[in-house]
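Let's take a walk through a protein model together. Have the sequence and the 3D view ready, and follow along as we go.

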Amino acid sequence: MSGGDGAGTVLPGRRPPSPQAGGRPSLTGRCRVPGDKAISHRAAILAALATGTSRVRGFSPAGDCRRTVEVLRGLGAKVELAEERAGPSLGPTLLVDGKGWEGLRPPAGPLDCGRSGTTMRLLAGVAAGLPFACVLTGDRQLLGRPMDRVAEPLRRMGAGVALRPGGLPPISVRGGALRGIEYRLPVASAQVKSCVLLAGLRAAGTTAVVEELPTRDHTERLLEAMGAPVRREPGRVSVSAGPLDPIDLVVPGDPSSAAPVVAAALLVPGSDVVVEDVGLNPGRVGFLRVLERMGAPVEVVSTSNGVEPAGAVRVHHGPLRGAGVQAAEVPSLIDELPLLGVLATQAEGVTEVRGASELRVKESDRISGLVVGLRALGARVEELPDGFVVVGPTPLRGGRCDARSDHRLAMAFTVAGLVAEGPVEVVGMEFVGDSFPGFEATLRALSGGGR
């Protein structure tokens with residue numbers, strides 16, 4: 001595990017194709033991954049706005065979700081995160097004693113969102129509905145991410161919003177009397193959609209969000225489950241002001257955290273892995289759909305259809321072929337695209353990703369970071385303005401990959417290191433905890449190192 005001095009984790013390379021050839025062993029067994037980040041953020045926020053006690057089991061232990069909890073506490077919400085396990089490998093339980101919007105109070109100072117864009121964008125919507133001013137700030141990495149995309153609709157609703165030049169945070173929000181609007185998303189963003197819907201819970205009239213491309217619908221599902229006056233139509237969701245009921249929720253495993261485990265099992269010969277209780281929200285399974293087109297041996301068994309569908313995903317090693325990804329499906333696998341780039345290096349033919357310019361404004365410019373990292377390992381990859389092209393299969397060599405302080409890139413390069421012919425140094429592994437604490441331990445356990 002690397003520290004703040006820029007050192008990296010060095011992964012032993014393996015020489016395909018046989019795990020008995022002195023390389024890395026196969027991945028076998030069953031595992032769970034941490035609770036879904038997106039659901040955990042939203043459940044914590046909505047529980048704080050509800051009236052009554054909510055319990056969220058399997059809450060994500062990710063650093064980003066802990067930031068949301070701390071910001072809610074800074075607003076006076078009574079939130080307790082019980083570290084003891086809520087069940088076998090299920091994760092922490094979040095208890096929220098909700099007092100409604102009126103239970104929130106002016107913060108003592110700026111609210112620190114850490115590195116979490118979700119925290120900042122969703123809580124900006126909440127701040128717009130509060131009768132006082134808030135300042136949302138964060139780490140240097142977060143202060144470089146665009147926030148004008150939430151400022152614009154909130155201003156139209158009547159909130160006072162100030163940003164630094166270039167639409168950058170900190171973001172200052174002065175709430176007040178809001179009015180409902182119909183807002184057409186200029187970019188496919190579930191965070192922006194959720195921000196507007198949260199503000200709409202305090203607005204006069206109806207607030208509607210129209211989206212050209214469907215995005216993950218975790219906010220809408222939770223609003224329905226908590227009794228909010230929400231209406232869903234194809235390409236449009238609307239909400240009106242109204243109270244929220246408390247909720248007792250079990251958060252399924254995060255499909256974006258399951259993805260690197262799935263990718264690793266696909267690439268390492270002899271692997272056979274089952275990821276249990278993982279979320280199967282239709283807006284989050286684009287990665288699995290693309291894997292199907294690539295010929296990947298993946299089986300999905302649905303086991304739950306509560307607030308959020310969930311099930312088991314089984315995957316084993318097998319040959320892959322190249323596939324294309326177009327703009328319409330990007331929102332459903334935006335977080336998994338770096339992993340797709342790694343898989344494409346070992347797939348037969350061309351893999352081309354288009355319509356993914358949103359990758360450039362994540363925790364890093366993930367398009368540039370991925371291309372530079374894969375080239376350092378010998379991959380044939382071309383950078384596009386809105387995506388990338390990979391030609392495979394190409395044996396990967398050892399090398400040094402800079403994850404650019406980005407947890408998704410760090411996990412993708414780690415997976416690449418499992419099939420590289422020499423050691424791979426991944427710089428920035430300390431940021432994996434933003435989404436998947438225990439990532440390396442999970443891989444070790446599946447390869448026999450945890451037994």
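How many of the 12 residues of α3 are buried? Buried here means under 20% relative accessible area, with exposed being over 50% and partly exposed in between (1.4 Å probe, protein chains only).

## A helix on the inside

The answer is 12 of the 12, so α3 is largely enclosed by the rest of the structure. Among these buried residues are G117, M120, R121, L122 and A128.

Helix α3 covers residues 117-128 and reaches 17 Å from its first C-alpha to its last, close to the 16 Å expected at 1.5 Å a residue. That expected span is 1.5 Å times one less than the number of residues in the helix. Helices (H or I, at least four residues) and strands (E, at least two) are DSSP runs, numbered from the N terminus.

## Where this comes from

This is a predicted model, in which local features need pLDDT of at least 70, side-chain atom pairs count only at pLDDT 80 or more, and totals for chains, interfaces and linings use all residues. Residues are numbered from 1 along each chain as its sequence is written, and side-chain values use heavy atoms, with hydrogens and water left out.

## A four-stranded sheet

Now find the open sheet, where 4 strands line up in the order β2-β17-β19-β18 with mixed pairing. Its edge strands are β2 (28-31) and β18 (298-305), each pairing on one side only. Two strands pair if DSSP finds at least two bridges between them. From one strand to the next, the twist averages 15°; the axes behind such angles are lines fitted to C-alpha atoms (for helices, over the stretch in contact), and angles run from 0 to 180 degrees between N-to-C directions.

Zoom in on β17 (residues 272-279) and β19 (residues 309-316): they run antiparallel and are joined by 6 bridges. Look for D272, which stands opposite H316 in β19.

## Two cis peptide bonds

Which peptide bond is cis, with omega near 10°? That's the one from P169 to P170, and P170 sits in strand β9 (residues 168-174). Another cis bond runs from G392 to P393, with omega near 0°. P393 lies in the loop between β23 (387-392) and β24 (399-402).

## Positive phi in a loop

Finally, check the loop between β24 and α11 (407-417), where you'll find R404. R404 isn't a glycine, yet it has a positive phi of about 55°. At 32% relative accessibility, R404 is partly exposed.

S405 lies in the loop between β24 and α11 too. Its phi is near 60°, a positive value in a residue other than glycine, and S405 is partly exposed at 30% relative accessible area.
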